[in-house]
Structure formats: structure tokens, C-alpha cells
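Colleague: I have a new model open and would like to learn how to read its features. Could you take me through them one at a time?

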Amino acid sequence: MSQSDAKEVFIFCDSCKQNVRLKLPAEILDKRVGGLLSVVSVHGTPPHAVVAYIDEQFRVRGIEYPQAALPEEPQVIQEVSEGAVKDLEPHLELGLTGLINSLAEKPKDGVKVLAALMVRAITKRPVFLVHDDPSEGEIALRAVQGLLSDQLLFVTVVNHTQVRGRNLESACVYDLQAKRFMSEGPKVDSKYFEQTIGSLVGQENAYSRLRNELSKIFYSYDRAKQILAQATATVMDTHLASEASIDLMLIPLLLEMAESEGLKLKPKVQQDGLGRAIRSI
Amino acid sequence: MFTMFMVAYALDAFFFFLRGFYALESVGDIIFWKLTNVMYPIMTAPLAVFLAYPYLKEKAGTATAWGIRLVMLYSLVVLVFNITLVAISDVSWTYNDLYGMSHFSLESFIPHTYYLTLGLVISVALISVVFLAIAARRETDSFYKNRALLLMFGWLIVVLGQMLLLSPVLAILNPFVIITGMLLLVVGVLRTKK
């Protein structure tokens with residue numbers, strides 16, 4: 001198997017809260033029984049396992065967590081007979097479609113709102129969801145927090161009394177009842193997320209897949225930090241995107257994430273104008 | 001800008017095609033020959049500007065930025081100058097090639113008008129080649145590096161092919177060279193990343 005024939009799939013392991021990269025040979029699909037390929041990844045310290053169910057387009061359709069992993073050879077990908085797919089969506093009060101519908105009247109607007117909220121939460125800008133019924137607000141909050149794993153501190157539910165009379169300019173405040181922004185805060189580019197969420201709406205396991213996409217961003221962010229920490233000169237943004245396995249248009253987001261953590265990485269990244277021109281053709 | 005380049009290229013090919021419907025050295029033949037010459041700067045200048053502008057933004061605040069601005073201004077001046085000169089110049093017949101196509105030259109108050117217009121267009125085309133070479137040299141992603149190389153060599157071959165028309169003897173090679181260059185350009189544009 002050549003390197004170029006291998007497909008890379010990322011899965012997010014809830015146990016170690018890390019992205020796990022699986023390199024699967026293209027011909028492995030020929031060995032699947034039924035519609036999905038089940039792949040076990042044993043990783044981490046102490047070793048633990050996660051089973052991913054992957055379709056023919058190499059998309060992750062489901063994840064299982066065995067209660068015990070006793071590897072003889074750690075870090076070996078093995079095939080196991082197909083088990084039941086754990087459908088994550090029914091276990092959530094709101095799947096992706098439910099979350100989008102709870103945010104706006106029209107799904108298209110809901111996608112834009114969710115994208116805007118996610119970008120702000122990822123870049124550690126405070127996000128307030130306003131609802132006078134705490135239980136309703138908590139449902140939406142849990143759905144958003146579930147997508148963003150450890151971004152717990154920056155998304156909170158408040159009621160209208162708590163926001164009345166306050167200066168909301170710097171914060172992102174969204175009224176879940178009126179389904180509109182009370183304050184958007186500083187402008188951010190959420191186009192990529194709008195496209196990503198829009199492409200997942202209506203698909204199976206959309207919530208899990210969106211969470212997977214977001215976890216890739218966090219993985220790429222960690223990679224970008226490592227690359228820039230070791231760099232002795234400025235790095236082209238096209239090169240950084242390639243090394244961090246992320247779309248070029250997300251590099252500004254990664255740099256914003258670093259800013260919000262107090263890391264000055266922007267001066268280390270140089271915009272590659274000609275590279276962008278070549279990519280735009 | 002790149003779309004403008006592609007449309008201009010397609011139009012240029014279309015005008016060449018339309019020349020075939022007219023008798024050699026007829027009014028229609030001459031008009032469409034002039035139109036193809038008008039299209040040369042319309043093709044080359046947008047491509048040069050398309051590549052120069054993002055490079056200008058990258059180099060903003062440096063001395064290189066002034067050089068790039070001059071290059072962009074030069075491309076636009078050549079665009080306007082060439083279109084004007086082609087429009088106002090007289091046309092004189094030079095030769096008919098083995099494929100049955102007439103070749104002409106431009107004459108005006110400026111000496112060697114035709115060679116001047118061609119030389120200016122070639123200089124603008126070579127600006128694009130330089131930018132593509134810079135892009136190819138520093139690109140680390142092999143897919144985009146190959147794209148830059150395909151576009152660079154394709155464009156260089158097309159420019160060379162056009163220069164062959166200046167010689168009645170070498171003009172016979174023009175279609176082969178142009179098509180080779182075009183194929184490289186097409187492959188460079190249409191290849192998709194897996």
C-alpha cells in the first residue's frame with residue numbers, strides 16, 4: 001500500500017478528548033461486511049479503544065466505546081465483525097436539525113446563527129443565550145456545548161432580566177425566544193461554518209459529524225501551534241494550512257483562537273498571495 | 001480577472017474560427033485579424049493583474065510592492081495603448097501560410113508598429129510567467145506546485161507559438177505549438193485535488 005492510496009479519517013475520542021487519526025488503505029473497503037466498515041483504534045495511555053463505523057465515502061457514521069481494551073500490540077488497527085451502530089442523535093434532546101430550528105424560524109437563518117455562535121465560542125468570545133425558561137435554555141446550551149466539547153466556560157444561558165440595562169456591545173447575546181441577536185459583538189467571519197453546517201443538515205448523524213469537523217479544527221489548531229513554536233522564520237499561510245491539515249480559509253480562525261489565548265502568532269504567519277491566486281483558479 | 005482571461009482566450013479562438021468564413025485578404029478577414037490582435041492585450045493584461053494583485057497585497061509595505069504596482073500599471077497601459085494602436089493602424093498583407101491563412105502587419109506613424117504591439121504583449125505575457133515561476137518555486141503542496149508549473153509552461157509555449165507567426169517558414173508549426181500549450185493550460189486548470 002502506497003502512502004498516496006491511504007485515506008485519512010479523523011475520529012474524536014471522548015475518553016481522552018483527542019482527535020485520533022486513522023490511516024486506512026483504500027482497498028480496505030473491499031473487506032467490509034454489510035454497509036459499514038468497523039475499525040478499532042487502540043491508543044492513549046492507559047490504552048483504550050474506540051470503534052468507528054465508516055461508510056464507503058470514508059465518513060464516520062457512528063462511534064462506540066468498548067468498556068475494556070487489552071491490546072497485545074498497541075497502535076494496531078484491526079478489523080472486527082460489524083456490530084450495531086450506536087446512533088448518537090436520539091440520545092440528544094436536540095440533534096443538529098432540532099438545534100438549527102430552535103435558533104431561527106428558517107433553517108437557512110438557523111444555520112447562519114449557529115455558525116456565528118460557534119465561531120465566537122471557538123475563539124473564546126463570551127456567548128450568552130437568553131431565555132426566561134431555564135430548562136429550555138439549557139437544552140439549547142447542552143446541544144451547543146456538546147459540539148464544542150471543552151468550550152464550556154464561554155457559552156451561558158441567562159434570562160432577559162439579567163441582560164436588561166447592560167452594555168452588550170462586546171458580547172454575543174442571542175435571544176432564543178425572539179430568535180434574534182440582541183448583540184452580535186465584534187464581527188467574525190463564519191462563512192466556512194455556514195457552508196459546513198449547511199452541507200450536513202439533513203444527513204444522517206449530522207450532529208456527530210459536525211462535532212467531528214469541529215474536533216478536526218481543534219486538532220489543526222494544536223498542530224499549528226506546534227509548527228509555529230518551532231518555526232525560526234515566518235511561515236506561509238498556505239504551507240501552514242497544508243501541514244496542519246486544515247482548509248486555508250480557516251487559518252485566520254486559528255490565529256484568532258491563538259489571540260484569544262494570549263498567543264501572538266499572527267506575526268509569524270505570512271499571507272501567500274500567489275499561493276491563493278493559484279488555489280483560486 | 002482569471003475568468004476575464006479565459007473568456008478573452010475563448011473569444012480570440014472564436015475570431016480565428018470566424019476568419020475561415022471569409023476570403024483571403026477580404027474585408028472580413030482583415031477585420032477579424034484586427035480583432036484577434038485586439039484580444040492579445042485583453043488576454044495577457046488581466047492574467048498579469050490577476051497574479052500581481054494578490055502578490056501586491058502580500059508584499060504591502062515593502063519596496064517590492066512599488067515594483068509590483070509599476071508592473072500592474074505597465075500592463076494596463078499596454079492594454080490601452082495596444083488596443084488603440086491596433087484600432088487606428090493600417091493593415092498590410094505579408095504572406096499566406098501553408099494552411100491557407102493570411103498574415104498581415106500593422107502600419108502607422110510609429111515605426112515597426114506590428115512588432116511593437118507584439119513585443120509589448122509578449123512582455124506582459126512574460127510578467128505572468130515570472131509570477132507563476134515564483135508561485136511554483138515556493139509552493140510546498142505538490143498539487144498546487146504542479147498546477148503553477150503547468151500554467152507557466154503552458155503559457156510560455158503559447159507565447160512562443162504566437163511568435164512563430166512572425167516567420168512564414170516557422171508559421172507552419174504554430175497550430176501544433178499553440179495546441180500543446182493550450183492543453184497544458186487546460187490540464188493545469190481542470191485537474192482536481194483528490
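Modeller: Gladly! Let's begin with a salt bridge: A:Arg276 pairs with A:Asp237, and their closest N and O atoms are 2.6 Å apart. Please keep in mind that this is a predicted model.

Colleague: Which parts of chain A does the pair of A:Arg276 and A:Asp237 tie together?

Modeller: The general idea is that side chains of opposite charge can pair when their charged atoms come close. In this case A:Arg276 sits in helix H9 (residues 273-280) and A:Asp237 in helix H7 (residues 237-243), so the pair ties together parts 39 residues apart in sequence. A:Asp237 is buried, at 3% relative accessible area, while A:Arg276 is partly exposed at 29%.

Colleague: How many salt bridges are there over all chains?

Modeller: The count comes to 12. One of them joins A:Arg125 to A:Glu256, with 3.2 Å between the closest N and O atoms. A:Arg125 is in the loop between helix H2 (107-122) and strand E7 (127-130) of chain A, and A:Glu256 is in helix H8 (residues 251-260), so this pair ties together parts that are 131 residues apart in sequence. A:Glu256 is partly exposed, with a relative accessible area of 25%. Salt bridges can also form a network, as they do among A:Arg120, A:Glu184 and A:Lys187.

Colleague: And in chain B, are B:Asp29 and B:Arg19 buried or exposed?

Modeller: Both count as buried, because residues under 20% relative accessible area are put in that class: B:Asp29 has 3% and B:Arg19 has 4%. These two form a salt bridge with their closest N and O atoms 2.7 Å apart. B:Asp29 belongs to helix H2 (residues 27-58) and B:Arg19 to helix H1 (residues 2-19) of chain B, so the bridge ties together parts 10 residues apart in sequence.

Colleague: Which ring does A:Arg279 lie over?

Modeller: For this feature, check where a charged group sits relative to a ring face. A:Arg279 lies over the face of B:Tyr144, 4.1 Å from the ring centre. Within chain B, B:Arg69 lies over the face of B:Trp66, at 4.6 Å from the ring centre.

Colleague: Last one: what does A:Val163 touch?

Modeller: Leaving out residues up to four places away in sequence, A:Val163 touches A:Val130, A:Val158, A:Leu168, A:Val173 and A:Met182. A:Val163 is in helix H4 (residues 160-163) of chain A and counts as buried at 9% relative accessibility.

Key
Residues are numbered from 1 along each chain as its sequence is written. Chains are lettered from A and ligands numbered from 1 in the order in which they are written. This is a predicted model: local features need pLDDT of at least 70, side-chain atom pairs count only at pLDDT 80 or more; totals for chains, interfaces and linings use all residues. Side-chain values use heavy atoms; hydrogens and water are left out. A charge sits over a ring if NZ of Lys or CZ of Arg is within 6 Å of the ring centre and within 35 degrees of the ring normal. Helices (H or I, at least four residues) and strands (E, at least two) are DSSP runs, numbered from the N terminus. Buried means under 20% relative accessible area, exposed over 50%, partly exposed in between (1.4 Å probe, protein chains only). Contact means heavy atoms within 4.5 Å. A salt bridge is a side-chain nitrogen of Lys or Arg within 4 Å of a carboxyl oxygen of Asp or Glu.
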